[in-house]
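Look over the sequence and the fold, then read on.

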Amino acid sequence: MDIFDKNFKAAITALREKRPLVHCITNYVTAGDTANMLLAAGASPIMADDPAEAAEISARADALLLNMGTLSESHVSAMLKAAKSANEKGIPVILDPVGVHLSEFRRAAALKILFEADISIIRGNVSELLFMGGIPVSSRGVDSTAEREENLELSAAADSAQRYGCVCCVTSAEDIITDGCDAARLCNGSGKLKNITGAGCMTSALIAAFSAVCEPFSAAVYGTAFMGICGEKSEYSPDFKGMGSFRMGLFDAAGMGAEEFAARIMRD
């Protein structure tokens with residue numbers, strides 16, 4: 001086991017010992033799965049999306065996740081209040097700009113959040129991060145439809161990281177994490193993750209959980225790797241029978257020992 005694997009093992013151990021409180025202002029389609037994945041991994045979720053309490057809850061949390069999946073004016077207000085509160089307390093803020101390229105409302109909301117608050121990590125698919133980096137894309141929905149090109153994921157993440165001064169993570173067939181200078185490529189995962197709703201949302205939540213015990217670059221690497229390994233473990237489990245058992249298997253896999261997770265990570 002090399003130093004990277006040891007650090008992954010140590011991060012999982014630290015997360016499970018700390019049980020960080022992750023404040024999620026998130027997508028109602030996947031809120032239950034997001035909460036269950038955080039619990040299975042060893043963190044503690046709280047879903048508070050009313051502007052009346054968002055700032056107060058964030059001030060008590062260890063990390064804040066802003067997921068734009070089911071966006072509304074109320075959500076935007078809560079996200080801004082929560083993010084500013086988190087910034088005041090030095091709490092990491094993770095942004096998942098779901099479908100940012102699909103409407104002017106989403107585009108304006110994402111830019112408002114980015115320019116009024118300090119974001120630690122942005123996680124999205126290729127289409128979302130290409131758009132965030134200033135490259136126009138087309139898409140039918142929130143799933144990525146960007147045409148595959150060599151190093152497309154790295155370009156999307158690097159351009160966004162440099163533009164917004166934060167760590168950016170693109171999850172795809174291969175996951176790329178970069179701060180605009182250093183980069184990591186992860187090769188874990190399962191093609192079946194794209195066939196369930198919420199895989200990206202759960203990944204962002206895991207990144208938020210790890211950000212409570214790691215600096216942003218490592219948090220993005222470890223949270224993304226954790227989800228990819230859960231996908232592999234579930235797909236190749238003897239209990240796999242289809243997408244229903246695959247989804248449940250993700251939560252089962254999240255309870256694996258830290259050493260087994262560390263032994264399974266694949267990166268360049």
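## Strands and crossovers

Strand E4 and strand E5 (residues 121-124) pair in parallel through two bridges. Strands pair when DSSP finds at least two bridges between them. Strands (E, at least two residues) and helices (H or I, at least four) are DSSP runs, numbered from the N terminus. This is a predicted model, in which local features need pLDDT of at least 70, side-chain atom pairs count only at pLDDT 80 or more, and totals for chains, interfaces and linings use all residues. Residues are numbered from 1 along each chain as its sequence is written, and side-chain values use heavy atoms, with hydrogens and water left out.

E3, helix H4 (residues 73-89) and E4 form a right-handed β-α-β unit. E4, helix H5 (residues 104-116) and E5 form a right-handed β-α-β unit too. A crossover is right-handed if, with the strands pointing away from the viewer, the path from the first strand over the helix to the second runs clockwise.

Which way do the residues of E4 (residues 93-96) point? Val93 and Leu95 point one way, Ile94 and Asp96 the other way, and all are buried. Buried means under 20% relative accessible area, exposed means over 50%, and partly exposed is in between (1.4 Å probe, protein chains only).

## Cores and helix packing

In soluble globular proteins, nonpolar side chains tend to be buried together. A nonpolar core here is a set of buried Ala, Val, Leu, Ile, Met, Phe, Trp, Tyr and Cys residues joined through side-chain atoms within 4.5 Å. The largest such core has 50 residues, and Phe8, Phe210, Phe226 and Leu250 touch the most other members. Helix H9 gives the largest share of this core, ten residues. Apart from it lies another core of 37 residues, including Ala54, Leu66, Val100 and Ala110.

Leu250 belongs to helix H10 (residues 243-253), whose buried residues are Phe246, Gly249, Leu250, Phe251 and Ala253. Their cover includes helix H2 (31-41), helix H8 (199-211), helix H9 (216-235) and helix H11 (258-264). Contact means heavy atoms within 4.5 Å. Not counting residues up to four places away in sequence, Leu250 touches Met37, Leu193, Ile196, Met202, Met227, Cys230, Gly231 and Ser234.

Ala41 sits in helix H2. Leaving aside neighbours within four places in sequence, its contacts are Leu15, Arg16, Leu206, Phe226 and Ala254. Ala41 and Phe115 are 74 residues apart along the chain, and their C-alpha atoms are separated by 32 Å.

Thr224 lies in helix H9. Beyond neighbours within four places in sequence, its contacts are Cys169, Thr171, Asp175, Ile177, Leu186, Thr203 and Ile207.

| Residue | Relative accessible area | Class |
|---|---|---|
| Cys168 | 0% | buried |
| Ala41 | 3% | buried |
| Thr224 | 3% | buried |
| Cys214 | 16% | buried |
| Lys9 | 30% | partly exposed |
| Arg19 | 41% | partly exposed |

Lys9 is in helix H1. Lys9 and Glu260 are 251 residues apart in sequence, yet 8.5 Å apart in space, C-alpha to C-alpha. Arg19 is in the loop between helix H1 (3-18) and strand E1 (21-25). Its phi is near 50°, a positive value in a residue other than glycine.

## Cysteines

A disulfide is a covalent bond between the sulfur atoms of two cysteines. Here it is counted as a pair of cysteine sulfur atoms within 2.5 Å. How many does a search of the whole structure find? It finds zero. Cys168 is in no disulfide, and its nearest cysteine sulfur, that of Cys166, is 4.1 Å away. Cys214 is in no disulfide either; the nearest cysteine sulfur, that of Cys169, is 14 Å away.

## Confidence

The predictor's confidence in each residue is its pLDDT, from 0 to 100. The protein averages 92, and 93% of the residues score at least 70. Over residues 144-148 the pLDDT is below 50, and this stretch has 15 contacts in the model beyond near neighbours in sequence.
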